Amino acid sequence: MESPEQIRDRLLARFPGAEISVVTNPGIAAQHSLLLGAAHARAIAEFLRDDPTLKLDQCSNVTGIDWPEKEIVETKNISTPDPANPAAPPKVVEQKTKRLQLGFLEVVYHLYSITHRHGPVIFRLRTGNRTDQATVPSLTPVWRSCEFQEREAFDLFGITFDGHPDLRRILMWDEFKDHPMRRDYAEPDDYEWEPTPHGTVLEKTKAHYPPPPALVAAPTVLPAAPAAPVKGATP
Amino acid sequence: MSASDHAALSSQLSTPHVGGANVREVHDSFHGDLLEVSMGPHHPSTHGVFRMIVTLDGETIVKLKPVFGYLHRNHEKLGETVTYLGSMPYTDRLDYLSSMTNNWAYALAVEKLAGQAVPERAEYVRVILAELTRLLNHTCLAGFLMQDCGCSGTPLMYAFREREYILDLFESLSGSRMMCNYQRFGGCRVDPSADWLTGAQKLADRYGTFLDEFETLLTGNEIIIARTQGVGKLSPELAISAGVTGPMLRATGVNYDLRKVDAYGVYPRFDFRVPLGDHGDVYDRYMIRVLEMRESIKILQQALAGLPAGPIMDPKAKLRSFRPKAGEAYGRIEGPKGEIGFYLLSDGSPNPYRYRIRPPSFINLTVLEDMCLGHTVADAVIILGSVDIVLGEVDR
C-alpha cells in the first residue's frame with residue numbers, strides 16, 4: 001500500500017490548493033495519518049473511496065478527540081556578553097516563554113479496503129475551536145458506517161457534522177445539555193438527585209394520612225412516700 | 001336506547017335498497033393511518049435494553065429508528081481515568097458473552113502501542129480461548145435466534161447446556177465464568193494446566209456431535225426455513241459501505257475475515273476455511289455461524305495439538321508503572337460479532353489520553369432499518385436476533 005506521503009502527493013496533484021499534511025505518529029506503531037482541511041474533505045473522501053489503487057471502501061472507526069487549550073512553556077538559554085569585560089565568558093540566562101495553544105476538537109477516521117485487503121489509512125479533521133466553530137463536514141454520505149459514529153461524536157464531544165442526515169444525540173438522552181467526553185466536563189453535584197414529594201403532591205400526601213396523635217406528657221410528680229413513724233408516739 | 005330512538009337512528013343511517021331490504025351504510029374508521037409502536041426497551045426479544053421506534057402501515061414496517069443508551073456508562077471516559085491495565089477488567093463488560101476476545105483485542109492494541117512481544121505459548125492459548133468464545137457466542141446466538149422464531153425453550157436450553165461446559169473451562173482457568181480478565185500485555189495471566197488442556201481437548205472432540213444434534217433439530221426445519229429465508233436481505237455493497245463486519249458481512253458473500261486478512265497472532269499456521277453466504281438473509285447468517293463453529297473446532301484441534309512449551313508471559317513485560325511512549329495505535333481482531341478494535345492515544349502518562357472502542361454490534365445496527373423495511377413486526381424481531389447484539393457493547 002502507498003505511504004501517507006505518496007497519498008498526500010497524489011491528492012495534492014488531484015486537488016490543487018487543498019490543505020493536506022502528514023501527521024507523524026511518534027509511537028512504535030508508526031500509524032501515520034493525514035490532516036485534511038475542511039473545504040476539500042468530502043471530495044477527498046470520495047476520491048479515496050473510488051480510486052482504483054486505494055479503493056478504501058470501508059470506514060471502520062470514527063473517533064472524536066478533545067484537545068483543550070493549554071499553555072506551553074518553552075525554555076531557552078540566552079547568552080549575553082558582559083559589556084564591562086568582553087573577554088569573560090558570556091552570561092547564560094534561562095528565559096521562559098509562554099505560549100497559549102488554542103483548543104480544538106478532532107475527528108479521526110480509520111479506513112480499510114475490503115477489495116484490496118489493505119489498510120489502515122488514517123485521516124483527521126480538526127475544528128476551528130471548541131465553542132462556536134466546532135463544525136466539520138460529515139462523511140456519512142460517503143461511508144454509511146459514519147452515521148452512528150458521527151452521532152456519537154456529536155453527542156459526547158459536541159462536534160457538529162455538517163451535512164449529516166440525522167444528527168441527534170445517540171447515547172445520552174435528548175434533554176441532556178453537556179458533552180461528557182470533553183476533558184473539562186464536570187459531573188453535576190446532584191447527579192443522583194431524586195425528586196421528593198413537593199407542591200400539590202405534598203399537600204395530597206398530608207391530606208391522605210391522619211396527623212399523628214399528640215404525645216401525652218408523662219406525670220412528673222411522683223406520689224408521696226408514706227411518712228416515717230414518729231419516735232415515742234404511741235401506736 | 002328505546003325502540004323508537006333506534007328506529008329513528010336506523011332511518012337516518014340506512015338507505016333503502018331497491019329490493020326493499022335495509023342495508024346499513026358503512027362508516028369506516030380505519031383511514032390507513034400509520035401507527036407508531038415503541039418496541040422495547042424492556043422486551044425480551046430486544047436482547048437487553050434496546051428500543052426500536054417502529055412506524056407501521058398495517059403490519060408492515062415503513063420506518064424504524066433504534067434508540068440507544070439505556071446501558072450507557074461512558075466506558076471510554078472510564079478508560080481515561082484508570083491505567084492501561086486498569087481498563088482490562090472493564091473490557092470484559094463490553095460484550096459480556098465474549099470477554100476473552102475483548103481482552104485480546106485490547107491487549108493487542110496496547111501491544112502495538114508499546115511494541116510488546118508475546119510468547120508463542122500465549123499466542124496459542126489466546127487462539128484456543130478465542131475459538132472457544134466463538135463456539136460459545138455462536139451457540140448462544142443460534143439458541144436465541146430460534147427462541148425469537150418461536151421455538152420456545154428447547155433450542156435455547158440445548159445451547160445453554162453446551163455454553164455451561166465452556167464456561168466451566170473459563171472458570172477453572174481464570175476464576176470467573178464470564179468476566180475472565182485473563183489476557184495481559186505480553187501474554188496471559190496464568191498458564192493452563194495439563195488437566196485443563198485435557199478438558200478442552202475433550203470438549204473439542206465432543207462439540208461436533210452436539211452440532212450434529214443441534215442441526216438435526218433446526219437446520220432443515222420447515223418452520224425455520226419459512227420464517228428466515230429471504231427475510232432481512234442485505235446487499236454486499238451496502239454491507240461494505242455501512243461497515244458491517246463479521247458473520248453478517250460474510251453472509252452477503254464478501255470474503256473478509258480478519259483472521260485471514262490481518263493474520264494476527266498465530267492464525268496463519270492453522271488450516272481453516274471461511275464460510276460465505278449467497279443471499280445475505282437471516283438464514284444465511286444462521287448457517288454461516290453454524291459453519292464457522294465447525295471451522296473453529298478444526299482450529300481448536302490444531303492449536304491444542306501444536307501448543308508449544310515455554311513461558312506464558314514475556315519476562316520483559318511491564319505490568320506495574322506501565323507507560324507507553326507518546327503516540328497512537330489502532331488494533332483489531334475478528335471477534336465473534338465482527339471486527340472489535342481499540343484505538344489508543346498515549347501522551348506518555350500512565351493513563352491513555354484517549355481510549356476508543358470500535359464496537360462491532362453497534363456499527364452492525366446501522367443497517368437495521370434497511371433490512372427491516374417492508375417486513376412485518378414479527379420479522380423485525382428475527383432480523384434483530386440475527387444481527388447478534390449485546391447491549392453492553394452497543395451502549396458502552
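In this predicted model, the side chains of Arg161(B) and Glu213(B) meet in a salt bridge, with N and O 3.6 Å apart. A salt bridge here is a side-chain nitrogen of Lys or Arg within 4 Å of a carboxyl oxygen of Asp or Glu. Arg161(B) sits in helix α6 of chain B and Glu213(B) in helix α7 (residues 194-218), so the pair ties together parts that are 52 residues apart in sequence. Helices (H or I, at least four residues) and strands (E, at least two) are DSSP runs, numbered from the N terminus. Arg161(B) also forms a salt bridge with Glu162(B), where the closest N and O atoms are 3.1 Å apart.

How open are these residues? Arg161(B) counts as partly exposed, because its relative accessibility is 35%. Glu213(B) is partly exposed too, with a relative accessible area of 35%, whereas Glu162(B) comes out as buried at 2%. The cut-offs are simple: buried means under 20% relative accessible area, exposed means over 50%, and partly exposed is in between (1.4 Å probe, protein chains only).

A word on bookkeeping: residues are numbered from 1 along each chain as its sequence is written, while chains are lettered from A and ligands numbered from 1 in the order in which they are written. As the model is predicted, local features need pLDDT of at least 70 and side-chain atom pairs count only at pLDDT 80 or more, though totals for chains, interfaces and linings use all residues; side-chain values use heavy atoms, leaving out hydrogens and water.

Now for the chains themselves. Chain A has 4 helices and 9 strands, and along the sequence they run α-β-β-α-β-β-β-β-β-β-α-β-α. The C-alpha trace of chain A spans about 135 × 70 × 35 Å along its principal axes. Its radius of gyration is 36 Å, while a compact globule of 235 residues would have one near 18 Å. That radius is taken over C-alpha atoms, and the globule rule is 2.2 Å times the number of residues to the power 0.38. Of the 235 residues of chain A, 38% count as buried.

Chain B has 16 helices and 10 strands, and its C-alpha trace spans about 100 × 50 × 40 Å along the principal axes. Of its 396 residues, 58% count as buried. Contact means heavy atoms within 4.5 Å. Among contacts in chain B between residues at least 6 apart in sequence, 70% join residues at least 24 apart; the corresponding share in chain A is 57%.

Next comes the place where the two chains meet. The contact takes 45 residues from chain A and 48 residues from chain B. Together the chains bury about 3,900 Å², 53% of it on carbon and sulfur atoms. Buried area is the accessible area (1.4 Å probe) that two parts lose on being put together, summed over both. Arg117(A), Arg144(A) and Phe148(A) supply 18% of the area that chain A buries against chain B, more than any other three residues.

One of those three, Arg117(A), lies in the loop between β6 and β7 (118-126) of chain A. Its phi is near 55°, a positive value in a residue other than glycine. Most residues other than glycine have a negative phi. Arg117(A) counts as partly exposed, at 36% relative accessibility.

Polar links cross the interface as well. There are 22 residue pairs in polar contact between chain A and chain B (both at pLDDT 80 or more). A polar contact is a pair of N or O atoms within 3.5 Å; within protein, one must be able to donate a hydrogen and the other to accept it, and residues adjacent in sequence count only if both atoms are side-chain atoms. On the side of chain A that touches chain B, β3 (58-67), β6 (104-113) and α3 (146-157) each supply at least two residues, and β3(A) gives the most, with 9 residues.

The two chains also share 5 salt bridges. Glu80(B) and Arg183(A) make a salt bridge at 3.1 Å, N to O. The side chains of Glu328(B) and Arg124(A) meet in another, at 2.3 Å. That pair crosses from strand β8 (residues 327-335) of chain B to strand β7 of chain A, and both Glu328(B) and Arg124(A) are buried.
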